[in-house]
Amino acid sequence: MTKKPRKYLLISPREPSGATWLINCFLELGIKTYRRQDPDWMWQKQEDGSCVLNPEENILRKWLPILSAEKVFLFKDDIEVQWTHEWPVKGYSSLPVIYFIRDPRDSIYSRYKRESPKISFADFLDIPDAATLLHKIDNWVLFNLYWLQRKNLKVFRFEDYKNDANNTLNSILEYIKFVPDPDKFKKAIDGSTSDKARESENEYRKINNSDSQVINRAGAVSEWKKILDREDKKVIDKIEIKSEKLLTYFGYEVRGLVSVEKDIVIYPNVSILPFFSQIEFSPEDVFQNENKRSSTLSYLSVFTKTINKKWLNECGMLPFEIDILLNNLLVFFQLIQDKKKYDKILLLKSKHNQTEDKNSITLNLKRYVHSVVKKIIKKINP
Amino acid sequence: MAFLLWITGLAGSGKTTIAKKVYSKMKKKHPASVFLDGDDFRSIMQDELGFDLKDRKKNAWRIARLCSFLTSQGVNVVCSTMSLYREIHTYNRKHNKKYYEVFIDVDMQELIKRNKKGLYSLAIKGEMKNVTGIDLPFDKPQGAVVFKNNNLKEVKLNAEKIYQLIK
């Protein structure tokens, strides 16, 4: 009888936190690591017991150098790791957690540079998170506060990996009780560097030239200290003030900044947001030691006033994310019975869908023409 | 020995409706009983207290002290009040020999639906201030018997359950 593998969760916030370094190391070491609940979806089993990557997951080659270096994987059968950026929603797995974190002053800035460098940093953060409807700083703070409610969780930091990758990987492997083969350990470290990741991303982009989003940027520690723009610096200060307790908890430097905005350190009241009724912990569990949970959600009304079709085109969000955001705003305004804003979002949504339909028709037409041209060429030059 | 039945919950949770039902049944068995409602108490006092956190706590302290005074005189008290502050719950536990705490826990989404005056909706939009549960924090009572999402159909049943608790 085959023994069931012991499983772990690898959790990191959505902001770039360097967890792909660890995923790449795991794969190098033969640890089956996958996203989504079902490991067999990402890793398709061959008759000989080896695995190959599901072509639907090819985009991961952009993040994980090993996926370009190897085609066939032989995984250990006694351990598995699932990685995700999800919140601890009700009924979610209670597996032990490897929690991978990075200084939010760097990770949030990095997300901004990756996703929407054309708008200002402050404006980018003001766009509510599509799923939770939270301001992006609050989103980061609360994601952490919720996950830290879990008892079987151990924190590892991006900065420690950057400082001493060997030691950090060793500590993580110790936590998951995995004894590596020394040669494979060295190969894992050497094959998972930032340079390797950048090379792999460049290779990926040569084949997929329509994908222009750069994911492997500086990847440096304390990059926020080098930011020169005065407005961006103010935003960095805001991140620090809002996340000060967590920064201290994770062992990051805090400068003891004092808020100039009256309500900067007040967390929003998340119990009203529909998303949070799915979370396994109640807001009261999370905020019991925080006397700051008392802000209204008026920023959503302000945000809704500012958006229009032009904004949707320029905000840098992916169409599916805009769709989620608009849907959630609809649910929210319906819930609080604000008909005016509900109608505005409904109108925007229909315009957004029309554009999407047009785009999809154009794309399909292009694909069709392309295939016809290919066939003709083939006939001419058999 | 007289007791204090402290029924608490956010505005719109149905705490007063349920408390009245419990009281009307209890009164037959224990004539030396009073019903005290937080809103009635405010109008009896006719004073300057408002609804910010400081004044809400002040009002809660007054209610808690009055309740413990009454129970010490041998009068049973059924009290429906929001007063969701940890220090008040601790005081009640310490100063009433028999103390029952019931928390009517209703989801905010449901409270918004129930609230016809739009109290919560206005507060969420920032158009109204000092609404407990939105811009004012509260403490869920730790040792309370919890009734989840008390709706109209369940009021009678829940009142009976509470009555059985104190009988």
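## Notebook: the chain A and chain B interface

I began with polar contacts across the interface of chain B and chain A, and the rule gives five residue pairs, both partners at pLDDT 80 or more. I then asked which helices of chain B each supply at least two residues of the side that touches chain A. They are helix 5 (108–114) and helix 6 (119–124). Helix 5 of chain B gives the most, with four residues. I sorted the residues on this side of chain B by class: eight are nonpolar, four polar and four charged.

I keep in mind that this is a predicted model. I noted its scores, ipTM 0.75 and pTM 0.84.

Next I looked up the extent of the contact. Chain A brings 19 residues to it and chain B brings 16. I read a buried area of about 1,500 Å² between the two chains. Carbon and sulfur atoms give 55% of that area. On the chain B side, I find that B:Q109, B:I124 and B:K125 lose the most area to chain A. Together they make up 38% of what that side buries.

I turned to charges. How many salt bridges are counted between chain B and chain A? I find one. The side chain of B:K125 meets that of A:D338 in a salt bridge, at 3.6 Å from N to O. B:K125 is also among the residues of chain B that lose the most area to chain A.

Last, I checked confidence in chain B. Its mean pLDDT is 92, and 99% of its residues reach 70 or more. Among the elements of chain B, strand 3 (residues 76–80) has the highest mean pLDDT, 97. Helix 5 has the lowest, 87. I flag this for helix 5, as it gives the most residues to the chain B side of the contact.

Methods. Residues are numbered from 1 along each chain as its sequence is written. Chains are lettered from A and ligands numbered from 1 in the order in which they are written. Side-chain values use heavy atoms; hydrogens and water are left out. Contact means heavy atoms within 4.5 Å. Buried area is the accessible area (1.4 Å probe) that two parts lose on being put together, summed over both. A salt bridge is a side-chain nitrogen of Lys or Arg within 4 Å of a carboxyl oxygen of Asp or Glu. A polar contact is a pair of N or O atoms within 3.5 Å; within protein, one must be able to donate a hydrogen and the other to accept it, and residues adjacent in sequence count only if both atoms are side-chain atoms. Ala, Val, Leu, Ile, Met, Phe, Trp, Tyr, Cys and Pro count as nonpolar, Asp, Glu, Lys and Arg as charged, and the others, Gly among them, as polar. pLDDT is the predictor's confidence in each residue, from 0 to 100.
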